[in-house]
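Let's take a walk through this structure, one piece at a time. Keep the 3D view open and follow along.

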Amino acid sequence: MNRPHMHALAPELETFAAEPYYQPVGRELELFAAAAQKKLPVLLKGPTGCGKTRFVEYMAWKLGRPLVTVACHDDLTSADLVGRYLLAGEETVWLDGPLTAAVRAGAICYLDEVVEARKDTTVVIHPLTDTRRVLPVEKRGELVRAPDDFLLVVSYNPGYQSVLKELKQSTRQRFIALDFDYPPAELEAAIVARETGIAGEIAAQLVKIAGLTRNLKGQGLDEGASTRLLVHAGHLIAAGVAPREACQAAIGRALTDDGDSVASVDDLIRAVF
Amino acid sequence: MPSSDAGRLGGEELGARLDGIFSFDVSSGRSYQELIDALAPLPREEQEFALHWAQVAARTHLEIAYLAVLLLPQALRRLSRRQAEAWLVAALEGFDRSGLRTAVVRLRDIEGFARGARGEVLALQDVDARLGRFLQGLSGRGLRVAAAEAAWTDTETVFLPPAIAVASREAGAERYKAIAALLWAQARYGTFNVDLDAALAAGPGRDAALAWLALLEALRLAARLGHELPGLRGELAVLLHDLPPQLDSARVPLAAPQAGVADSLEWLRQHPELLASPPHACAWLGALRPDEARRLRDARIRQQAEVLRLSVAELLESLREEKAASQLDLEADAERLEVKVMVDGQELTLPPEGLAAAQSLIQDLGEIPPELLVAAGEAPWKPADKPGSGAGATMETRADLLLDEWDYRRRAYRRGWCHVYLHTVGGDDLAYVPAVRARHAPLVRQLRRRFEAMRGEDRTLRRQADGPEVDMDALVEAIADRRGGAEPSPRLFCRRQRDERSLAAAFLVDMSGSTEGWINDAEREALVMLCEALEMLDDRYAIWGFSGWTRTRCDLYRIKEFDEDYGVDVQSRIAAIKPRDYTRMGPPIRYLTRRLLGEPARHRLLVSLSDGRPDDFGDDYRSQYGIEDTRQALLEARQAGVRSYCVTLDRNGPDYLKHMYGPAAYSVLDDVRKLPLKVAEIYRKLTI
């Protein structure tokens, strides 16, 4: 069945040989490890770019398990997660979806921004998240039993403001929930410096800018600058771009399209650099 | 007509040209001779320049034109042609804004203009919204920006000169930013942390002392800001440029990182000779008005201390079930505005409004003195007996319905506590809505376009049993299934379909007395535009206003029912919305939740438009109680499947709104003029 050219389409099981950089903020390492040990699915909540994905990568390395990451979008169907038959010449070939692949391999399956997926897809994960720990693959009439190492992790950003996008109670109450937020200033500066190689002093100034923009949340900005944006700005600076210009490109314009708000963020950037 | 030769105009020609502009009444006592004398020595080009501007100014006011011609030769010696134009424009703007006196003052102040002028004039009103956001970013607690002749701050409003003239508009904005930051720093870095009135002995030298102290503080705060916000250094140096030389020896000691207002006062005490006369005015440096600042600061401290005290008390109460006595410690980090609450050595998290209050207190006090957490003996606000205002007292038994209210201290409802009366706003102003529509015609068009786009795009439905197109994915799958021996699905087609949105929305409008003035106007205009835009959709929507006076009179005013058309009745009711009493938010939310549940829609939305926190007469609704009841009412709504959203015009909103409405379901507006657009945008964002 598995022809060589089909491998290209198979979902990728990522394994981490080197330790991904992650700076713990609270007790998230211990909680996650305990949940993994007890085979409890985990829900990560937090604003965009605060380190959720990196955290999962770090935990995959730490627990020595492969990782399958699925970025959810509003056209993601259950077949996209579970798998489907494809035609190859005159034959049909079954291709496991990323969720099925993760279950078989005893991997961590990370569904990023799970609320973005279509409502019916969340139902597929229900039997995996209770004591049954099974994945029914309807098309093949197969019931895949999850090995002990399989762990389901989903993330979502509660800051979204749409009525139509919210995690249903029947789904959310299956998870251990961990709250994520931007780290405290000093830690955040250390993270930015470590990630980008820029001087600690400049990193501290980037963090200061982030703090100022977070004050503007709800006053024209939907979100303040995330740690990820600071890292982007830091990379630009490390590549020789002037700090002010780097921040304008990586922070101001990345945050918003609204002319007034861009100007306001720009004012704050220029107050620091 | 003047001769066409390039030579300068003679007295007679000048007289004729001036006559064409001024046509003086002989009896006015004015004569052309004064003007002719002024213009005669100028080269032809400058004469023409003067005559041109005289003509321009004469359209505004003859007096300005007269003075402009008279002063222009002097101005042209000091200013370039372009700058002179800016000088004249600034004077004309001064007239537009505040009358002849300002225009005359500006014209006469050629020197002042020359010092500041490098060509452009930037009016504060062009950048005030931007500066407001800048200050919001710096402080996190929001400062108003307003115009005043001199720059100063009362710690809640930053007053800035109405216009400044500099090289370019952008440079003007930078100048404003630096001035505003320096004023913000007064509150942030402790200028008012000591009682300046007590520190500066009353007497004849007091004003001079205050003026000197203002400059010393500017020096100290500029150094501090330069350290915190290095990007402002250049502009701050410009502001400090013409500081009197007597202050040179203060620069170093006041630039020390730990320097405080006490150091400025101490330096001043060591230089008593300065107090003999006030310093020459430094154009952009803020003045100090300690009495005003302290009054607001003290009120704010009292208020925030109360909020913090309630938050901490609540925190302790939640622990008390486990333990009897607790040791409470509060640690504040003034540099970073961080606060730690320790109870018996265990660190606890303050609720958001408590944290915001603590941060505000740290900004004002530099620390959180423990005595603040001890409840004051006297409550700051005492309920007064309300004189029985006939209607309210007697209608009690005839309420349209009784609603429960949540008492967070009891953790239980007070049953049938609120007496709700339903009214219909009466009004016959049929001209209001068409007038608003006409005034904002472009905006209404823009909104309509946006809503039209939202009406639901065509969407392709895949895997349909029939349809005009073949669904390739489904077909491939079906063939594969068949080959694999499974039964193929017959759903092999796609069909385009317009999405049904099925949404019912209720809008709740704050009609409390505090909306008097622009908020009420803005609310009404917002409603007009909203209705104009919503007419593009098929969504069912209702609009109700609310106000109240204690639990025994919660008034709800019907403006539009779900099944009512947006016709003249509704329009005249919108026009008739006016400020009434207080803001008891729980009952209207509960009522509209009930109404929304009666609507056959898949999504139900409750949007409230208000100007601030819940507040009512007499009882403690204005405290945590009101916030908790409102929160509870919204939780009930949410559990029932009604989503709520709050648009607020309260600058202090975010502290408690986050708690009250749950994360992300509110929006605070920074600019009133944007309100109508914003309401529509939020609606769009919510329902897309």
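Helix 7 (residues 185-196) and helix 8 (residues 200-214) of chain A pack with their axes 8 Å apart, at an angle of about 125°. That angle makes helix 7 of chain A oblique to helix 8 of chain A. As for handedness, these two helices of chain A cross in a right-handed way.

Who does the touching? Helix 7 of chain A brings A:A185, A:E188, A:A189, A:V192 and A:A193, while helix 8 of chain A brings A:G200, A:A203, A:A204, A:L206, A:V207 and A:G211. Sorted by class, this contact between helix 7 and helix 8 of chain A has eight nonpolar, two polar and one charged residues.

## Helix 7 meets helix 9

Helix 7 of chain A also packs with helix 9 (residues 227-238) of chain A, at an angle of about 45° and with the axes 9 Å apart. So helix 7 of chain A is oblique to helix 9 of chain A. The crossing of helix 7 and helix 9 of chain A is right-handed.

Now look for the strands. In chain A, five of them form an open sheet in the order 2-5-8-1-9, with parallel pairing. At the edges sit strand 2 (67-71) and strand 9 (176-179) of chain A, each pairing on one side only. From one strand to the next, the twist averages 20°.

Zoom in on strand 1 (residues 42-45) of chain A: four bridges join it to strand 9 of chain A, and the two run parallel. Here A:K45 stands opposite A:D179 of strand 9 of chain A.

Helices pack on this sheet too. Helix 1 (residues 28-37) of chain A touches strand 1, strand 8 (151-156) and strand 9 of chain A, and its direction makes about 165° with that of strand 9 of chain A. Helix 4 (residues 98-105) of chain A touches strand 2 and strand 5 (108-112) of chain A, and its direction makes about 165° with that of strand 2 of chain A.

## How confident is the prediction?

Chain A has an average pLDDT of 86, and 92% of the residues score at least 70. Residues 1-8 of chain A have pLDDT below 50; apart from near neighbours in sequence, this stretch has seven contacts in the model.

Terms used:
Residues are numbered from 1 along each chain as its sequence is written. Chains are lettered from A and ligands numbered from 1 in the order in which they are written. This is a predicted model: local features need pLDDT of at least 70, side-chain atom pairs count only at pLDDT 80 or more; totals for chains, interfaces and linings use all residues. Axes are lines fitted to C-alpha atoms, for helices over the stretch in contact, and angles run from 0 to 180 degrees between N-to-C directions. Angles under 35 degrees count as roughly parallel, over 145 as roughly antiparallel, 65 to 115 as roughly perpendicular and the rest as oblique. A crossing is left-handed if the near helix is turned anticlockwise from the far one by less than a right angle, and right-handed if clockwise. Two residues are in contact if their C-beta atoms, placed from the backbone, lie within 7 Å. Ala, Val, Leu, Ile, Met, Phe, Trp, Tyr, Cys and Pro count as nonpolar, Asp, Glu, Lys and Arg as charged, and the others, Gly among them, as polar. pLDDT is the predictor's confidence in each residue, from 0 to 100. Two strands pair if DSSP finds at least two bridges between them.
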